[in-house]
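Let us walk through this structure one place at a time.

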Amino acid sequence: MLDLKRQYCPLHQELLEAVGRVLESQQFILGEPVAAFERAAAERLGVAHALGCSSGTDALWLAMAAAGIGPGKAVLTTPFSFFASVSAILRAGATAVLADIEPTTFNLDPAAVESVLDGPRGTNVAAILPVHLYGQAANWTEFARIGKARDLKLIEDAAQAWGAEWNGVKAGGLGDAAAFSFYPTKNLSAAGDAGMITTHSAELAERAKMLRQHGMRRRYYHDEIGWNTRLDGMQGAILNVKLKYIDGWNQARRTVAKRYQGLFRAAGLVEAGPYPNHGIVLPHEVPGSHHVWHQFVIRTPRRDALRDFLTVRGIGSEIYYPVPLHLQESLKGLGYEKGSFPEAERAAHEVLALPIFPELREDEQQTVVAAIAEFLS
Ligand SMILES: Cc1ncc(COP(=O)(O)O)c(C=O)c1O
């Protein structure tokens, strides 16, 4: 599914030297390696401010808290994402409101968002949190229009989308604030937990900086109840090394995705979609979007049987995500039920992520496609 060693081996020496410099400095929390990474990351993404923190989950919380989201306010997001997209809203003290997804991209559906905003659950919504799922930006033309028309904050969950773009603007610079994850399996990854928030706003960045370090502007003077969510120097140093390579890695992912498209078509396995009948429906890049293929996710009706078949042949695959968030045990309190979001529920039964990473070889992809062809025959 993912062989991280193929990325690590050629960088071994460079990474050791970067970590060695942090050890020599004995400065482990924030400090110059983190500041250097933040400056370089902001420049790459075309944003004024980037702030490292301890995880993508914390970045979501920090972005919302800094944007003034808290008790009495609601945030509208997708039921088809990693758990943190919703749990961070709740941790910020706000209410989570959900709307269904588009069946083609699996991203939050702007039309569904508008109808929720017009309904009873839309009343206290102060922000929309679209997730750029699988490495493809949510439809920002529409979300920017909705946000402006209704005076809502837009916060991006860009955890899976380093380098993705919408109409030439990089994820991270589309909304009022954005959250990134550098969890080891992400396109740009640390050697442990790490995250970052980005924003164009000096005011929001200043608040986030204060909140990530116990609400302190001045040492031991606590203006607000913040938290400890700092990025450590080793992660900053490692990320700064990898930042030099990420554009090339993302380009390689695009090549891998294109190769899958060609191989599946050549094998005659592809159906038009959005829903599959007997074969598979392929993911695609929508107009205006620059996809960075964090995942290559197919839809197929006999998903679980296919996954078992691949496992027996030593081919990794994963289900992102088997249970939509509104049906998670811990989120029953949101007040939704089975049938509330039919697109998300159907996707949860049909999606299967295939191996994808920059170093994946063509012969390995041929093996994956041949195994799927065998299953479908
Ligand atoms: C969409 C999404 N949001 C948030 C997160 C949380 O990031 P982290 O695992 O770094 O806390 C992740 C990653 O796991 C994610 O995929």
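Where is the place of Lys 186? Lys 186 sits in the loop between strand 8 (177–181) and strand 9 (195–199). Strands (E, at least two residues) and helices (H or I, at least four) are DSSP runs, numbered from the N terminus. The model is predicted: local features need pLDDT of at least 70, side-chain atom pairs count only at pLDDT 80 or more, and totals for chains, interfaces and linings use all residues. Residues are numbered from 1 along each chain as its sequence is written, and side-chain values use heavy atoms, with hydrogens and water left out.

Is Lys 186 buried or exposed? Lys 186 is buried, because its relative accessible area is 15%. Buried means under 20% relative accessible area (1.4 Å probe, protein chains only). Beyond its neighbours within four places in sequence, Lys 186 is in contact (heavy atoms within 4.5 Å) with Ala 159, Gln 160, Ser 181 and His 294.

Now turn to the largest pocket. A pocket is an open set of points on a 1 Å grid over the protein atoms alone, where a 1.4 Å probe fits, with protein on both sides within 12 Å along at least five of seven lines; lining residues have an atom within 4 Å of a point. Lys 186 is one of the lining residues nearest the centre of the largest pocket, and Gln 160 is another. The lining has 26 residues. Helix 3 (56–66) and helix 4 (84–91) each give two or more. Helix 3 gives the most, with 3 residues.

Definitions and conventions: Buried means under 20% relative accessible area, exposed over 50%, partly exposed in between (1.4 Å probe, protein chains only).
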